[in-house]
Amino acid sequence: MSEATVAASVDNSRRTWLITSAAMGGVGAAAVAVPFVSSFQPSERAKAAGAAVEVDITTLQPGEKRVVEWRGKPVWIMRRSPEQLAALEKVEPQLADPTSERKAYPTPEYAKNRHRSIKPDVFVGVGICTHLGCSPGDKFTPGPQPSLPDDWVGGFLCACHGSTFDLAGRVFKNKPAPDNLEVPPHYYTSDTTLLIGEEKKA
């Protein structure tokens, strides 16, 4: 066998080895890259945490409250009775910001009213105290009770530091909480279905 034939045979073997190695390396790199790149994509849980939440309120009765989660926050949906709605006007002189003018937790325009809601009877609010992030408890029963005034008409009490809110999430005067409870973006997709987390498109 001539030297030229041997050299050609060696070159072909080397070329085959290099092509095979490069191909295998490419496959290996792709196998590693796919999970690496996909790790930059938000997880399903992360997507869900920011996604709008649809809630059917058909069965929600007057005086009842339901809690759903949106962006990791508890969102209260409460159907207020006629008596509870009437109490909202009664307590206004005792409130720190009855018309929701403060800007720390801006109230959407469609909730800048006495009941702080689109429909007067249905309140939608984030159940996190604006003081230190505790979750206020339900104190719907009117009348004297521990940690509440004798003329209490119903609302929410943050037991951590004593902040009180009416049934529209408005904070009472001289309390640690600096602002009313947040009203999240929301709208009705039907008479009985709420979408929490999005504004209605014009």
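Student: In what order do the 3 strands of the open sheet with β5 stand?
Tutor: This is a predicted model, in which local features need pLDDT of at least 70, side-chain atom pairs count only at pLDDT 80 or more, and totals for chains, interfaces and linings use all residues. Residues are numbered from 1 along each chain as its sequence is written, and side-chain values use heavy atoms, with hydrogens and water left out. Strands are DSSP runs of E of at least two residues, numbered from the N terminus, and two of them pair if DSSP finds at least two bridges between them. The pairing here is antiparallel, and the order is β5-β6-β7.

Student: Which strands are the edge strands of this sheet?
Tutor: An edge strand here pairs on one side only.

Student: Which residue in β7 is the bridge partner of F156?
Tutor: Strand β6 (residues 155-158) runs antiparallel to β7, and 3 bridges join them. Within β7, the bridge partner of F156 is F165.

Student: Why is one side of β1 and of β8 left without a neighbour in their sheet?
Tutor: These strands belong to an open, antiparallel sheet of 3 strands in the order β1-β9-β8. Because β1 (53-56) and β8 (186-190) stand at the edges, each has a single partner strand.

Note on methods
Helix = DSSP H or I, 4+ residues; strand = E, 2+ residues; numbered from the N terminus.
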